[in-house]
Amino acid sequence: MELTRVIVILAQCVWPLWTQVIHLTDIYGTIKSPNFPESYPKEIDLQWNITVPDGYQIRLYFMHFDIEPSYLCEYDYLKVYSDSEELAVFCGKENTDTERVPADNVITSPRNVLSVAFRSDFSNEERYSGFEAHFSAADVDECRDRNDEDLVCDHFCHNYIGGFYCSCRYGFLLHSDNRTCKVECNESMYTERSGEITSADFPETYPKTSDCTYRIELEEGFQITLEFDDTFDIEDHPEVTCPYDFIKIHAGDKVFGPFCGEQSPGKIQTGSNIVNILFHSDSTGENLGWKLTYTSTGSECSPLAAPLNGHLEPLQSNYIFKDHITLTCDPGYSLRQGDKEFEHYQIECQRDGKWSSDVPLCKKNESQRRHCSLPRILTNQS
């Protein structure tokens, strides 16, 4: 045991102070220990740095391996790494509890660079023959390997030799990052008195890197009510209020939100006839989005009574802004207002809560009055 410790200390003292570096840029090749297949020299510190084009990985496999064995490969060893990531350390002739050999294993670099470092100490008494290895560039299938989020396409991924490209479904645009699919959803206008609005693709994952504005604009006199669906899923943060994705509502001088997370905002009485809804999403997340229904109510007008010998339609318990009433009379009667006569007459509930006109009266027609008065004249003459 003491002798082993002395040998280790001596080995450390005489270890080479400099490393010979060989740069390889071919897409395939062979590396060998010095003098292979003869025994390798002592005190070797040699490193091969292999680089292939972007979009490729490097595959390394060994045809022969015979390096002096030692506990945890303390003396001679071959180390494989990519950038600062150590992939393997080998020594010996066969696998043991403390030593590993490449055998038939293929080492694949995570990126387009790979380094192989070979070091020998001050002795090679048993004349170990060293190693021979082959390397080659291998195309990276970025569409299949999704470990690196930067390589994931939002919708469609197309692989080609040495690279990949992304494309989007119909109706979406590819963002300048060439990966994210966004939508053009700025200033969508809604003018109907009721309707439905959803995030793009709801209830599927909504697009990233988008700013969508939805504007509901009704006539003055209406007030808009929003009601969000129970299915509500916008990326949030446990400690900060909606720092990533959010929905915010502007109605007159009122602001509602921002809203995010899984708790639906429910019903919102905006008190305004114009509502702007902003939905913002950043470049990450896989959330389902939101859906809302909007309705409107107007200023209320007082109920009306039908004139004598007349009718009004529709007959309702209450009337609001923009509601119409049509008035008609019984047969033999006509609607009269001043010196004007009408078969039917229509009035409208206005934004100020007043009717557009007074209710006209139903008066007996002139011909009907003459017809009814003739018998009385004959009776008086008799």
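Helices (H or I, at least four residues) and strands (E, at least two) are DSSP runs, numbered from the N terminus.

Before I go on, some housekeeping. This is a predicted model, so local features need pLDDT of at least 70 and side-chain atom pairs count only at pLDDT 80 or more, while totals for chains, interfaces and linings use all residues. Residues are numbered from 1 along each chain as its sequence is written, and side-chain values use heavy atoms, with hydrogens and water left out.

Back to strand 16. Strand 14 (residues 188–190) also pairs with it, in the parallel sense, over 3 bridges. Have a look at Arg215: its bridge partner in strand 21 is Asn276, and Met189 stands opposite Arg215 too. So how enclosed is strand 16 (residues 210–217)? Largely, because 6 of its 8 residues are buried. By buried I mean under 20% relative accessible area; exposed is over 50%, and partly exposed is in between, with a 1.4 Å probe and protein chains only.

Now zoom out a bit. The protein chain has 2 helices and 30 strands. It runs to 382 residues, and 40% of them count as buried. It exposes about 22,300 Å², with carbon and sulfur atoms supplying 48% of that. Those areas come from the Shrake-Rupley method with a 1.4 Å probe, and for residues only the protein chains shown count as cover. As for contacts (heavy atoms within 4.5 Å), take the ones in the protein chain with a separation of 6 or more: residues 24 or more positions apart account for 70% of them.

On to the cysteines. How many disulfides does a search of the whole structure find? The search turns up 8, where a disulfide is a pair of cysteine sulfur atoms within 2.5 Å.

Pair one is Cys73 and Cys91, with their sulfur atoms 2.1 Å apart. Their link is left-handed, with -85° about the S-S bond. Cys73 is buried at a relative accessible area of 7%, and Cys91 is buried at 0%.

Next up, Cys242 and Cys260, whose sulfur atoms sit 2.2 Å apart. The torsion about their S-S bond is about -90°, so this disulfide is left-handed. Cys242 is in the loop between strand 17 (222–228) and strand 18 (246–251), and Cys260 is in the loop between strand 19 (254–259) and strand 20 (267–269), 18 residues apart. Buried or exposed, these two? Cys242 and Cys260 are buried.

Last pair: Cys329 and Cys362, sulfur atoms 2.0 Å apart. Here the S-S torsion is about -90°, so the disulfide is left-handed. Cys329 lies in strand 26 (residues 324–329) and Cys362 in strand 30 (residues 361–364), so the pair ties together parts 33 residues apart in sequence. Cys329 counts as buried at 15% relative accessibility, and Cys362 does at 11%.

Note on methods:
Two strands pair if DSSP finds at least two bridges between them.
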